[in-house]
Amino acid sequence: MLNKKNNRRVAIKQLMTIGAAMAVSPAGMAAEKEVEESVNPVMKGNINHSVCRWTFGHLSLEELCKAAKE
């Protein structure tokens, strides 16, 4: 039983060391940037959107325009 605890502790230390090394390595930083971009994608602003008036019948035209702008 003592041997299992030591093996687990060694494994945890190794995993933490590998994780820290990956976090500061260029490959780790690139992977972090990729994950961040997938979570918060960078918008280029070149997509045109449209709104159908009939789906927002409960809003006046002015309210619809304000909501679409937001």
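Modeller: Lys66 and Glu62 are both in helix 3, four residues apart, which is about one turn of the helix. Helices here are DSSP runs of H or I with at least four residues, strands are runs of E with at least two, and both are numbered from the N terminus. This is a predicted model, in which local features need pLDDT of at least 70 and side-chain atom pairs count only at pLDDT 80 or more, while totals for chains, interfaces and linings use all residues. Residues are numbered from 1 along each chain as its sequence is written, and side-chain values use heavy atoms, with hydrogens and water left out.

The side chains of Lys66 and Glu62 form a salt bridge, with 3.6 Å from N to O. The term means a side-chain nitrogen of Lys or Arg within 4 Å of a carboxyl oxygen of Asp or Glu. Side chains of opposite charge can pair when their charged atoms come close. The structure has one salt bridge. Lys66 is exposed, at a relative accessible area of 53%, and Glu62 is exposed at 55%. Exposed means over 50% relative accessible area, buried under 20%, and partly exposed in between (1.4 Å probe, protein chains only).

Next comes Arg53, in the loop between helix 2 and helix 3. Arg53 is partly exposed, at 37% relative accessibility. Leaving out residues up to four places away in sequence, Arg53 touches Leu59, Ser60, Leu61 and Leu64; contact means heavy atoms within 4.5 Å. Arg53 and Leu64 are eleven residues apart along the chain, and their C-alpha atoms are separated by 8.0 Å. The side chain of Arg53 also reaches two backbone oxygens: that of Phe56 at 2.9 Å, and that of Leu59, 2.8 Å from a polar atom of the side chain.

Cysteines are a separate matter. A disulfide is a covalent bond between the sulfur atoms of two cysteines. The count takes pairs of cysteine sulfur atoms within 2.5 Å, and the structure holds zero disulfides. Cys52 is partly exposed at 40% relative accessible area, and Cys65 is partly exposed at 48%.

Now the whole chain. The protein has three helices and zero strands, in the order α-α-α from the N terminus. Of its 70 residues, 6% are buried. The mean pLDDT, the predictor's confidence in each residue from 0 to 100, is 76 for the protein, and 61% of the residues score at least 70. Confidence is highest in helix 3 (residues 61–69), with a mean of 87, and lowest in helix 2 (residues 26–39), with a mean of 63.

Technical notes: A polar contact is a pair of N or O atoms within 3.5 Å; within protein, one must be able to donate a hydrogen and the other to accept it, and residues adjacent in sequence count only if both atoms are side-chain atoms.
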